[in-house]
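Me: I have this model open and would like to go through its fold with you. Could we begin with the sheet?

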Amino acid sequence: MDPIKAFFAYPSKPASCADSIAAAVKQINNAGEVSIKTWEDCRINGQLVIHEICSQIDQAKLFCADLTNINANVMFELGFAIARDK
């Protein structure tokens, strides 16, 4: 069975939090039951990243977000995911 596709939104700062989330996502992905992408996986040189992020959210069955610190990008992604019924 294919792993469940997910997207995890989180801010880049504080770096310690972003690093912890990235490490956790790597461990979860290694287990093979869930395939989580992050905004860092969506980096596209010279293009707007938001288009790729929205595409990844559309493709995901599950949306996760770190709301510890309010971040405008994460809040946009959360709103987009809610609108897409994720």
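**Sheet, helices and core**

Reply: This is a predicted model. Its three strands make an open sheet with parallel pairing, in the order β2-β1-β3.

Me: Which strands are at the edges?

Reply: β2 (34-38) and β3 are the edge strands, each of them pairing on one side only.

Me: And how are neighbouring strands turned against each other?

Reply: On average, neighbouring strands of this sheet are turned by 25 degrees against each other, with direction ignored.

Me: How many bridges join β1 and β2?

Reply: Five bridges, and the two strands pair in the parallel sense. Within that pairing, Lys5 has Ser35 in β2 as its bridge partner.

Me: Turning to the helices, which strands does α1 lie across?

Reply: α1 lies across β1 and β2, and its direction is at about 150 degrees to β2.

Me: What about α3?

Reply: α3 lies across β1 and β3, running at about 155 degrees to β3.

Me: Now the largest nonpolar core. Which members touch the most others?

Reply: The core has 19 residues, and those touching the most other members are Phe7, Phe8, Tyr10, Ile53, Ile57 and Phe63. At least two core residues come from each of β1 (4-9), α1 (15-31), α2 (49-59) and α3 (72-83).

Me: Which element gives the most?

Reply: β1 does, with four residues.

Me: Let us take Ile57. What is it in contact with, beyond its neighbours within four places in sequence?

Reply: With those neighbours left aside, Ile57 contacts Phe7, Phe63, Glu77, Phe80, Ala81 and Lys86. Of these partners, Phe7 and Phe63 are also on the list of core members that touch the most others.

Me: A change of topic: where is Asp66?

Reply: Asp66 is in the loop between β3 (62-65) and α3.

Me: Does it count as buried or exposed?

Reply: Asp66 counts as buried, because its relative accessibility is 10% and the cut-off for buried is under 20%.

Me: Which residues does Asp66 touch, not counting those up to four places away in sequence?

Reply: Asp66 touches Phe8, Ala9, Tyr10, Pro11, Cys17, Ile21 and Val74.

Me: And what polar contact does its side chain make?

Reply: The side chains of Asp66 and Thr68 are joined by a polar contact of 2.5 Å.

Me: One last item: how far is Asp66 from Ala24?

Reply: Their C-alpha atoms are 12 Å apart in space, while in sequence Asp66 and Ala24 are 42 residues apart.

Note on methods:
Residues are numbered from 1 along each chain as its sequence is written. This is a predicted model: local features need pLDDT of at least 70, side-chain atom pairs count only at pLDDT 80 or more; totals for chains, interfaces and linings use all residues. Side-chain values use heavy atoms; hydrogens and water are left out. A nonpolar core is a set of buried Ala, Val, Leu, Ile, Met, Phe, Trp, Tyr and Cys residues joined through side-chain atoms within 4.5 Å. Buried means under 20% relative accessible area, exposed over 50%, partly exposed in between (1.4 Å probe, protein chains only). Contact means heavy atoms within 4.5 Å. A polar contact is a pair of N or O atoms within 3.5 Å; within protein, one must be able to donate a hydrogen and the other to accept it, and residues adjacent in sequence count only if both atoms are side-chain atoms. Two strands pair if DSSP finds at least two bridges between them. Axes are lines fitted to C-alpha atoms, for helices over the stretch in contact, and angles run from 0 to 180 degrees between N-to-C directions.
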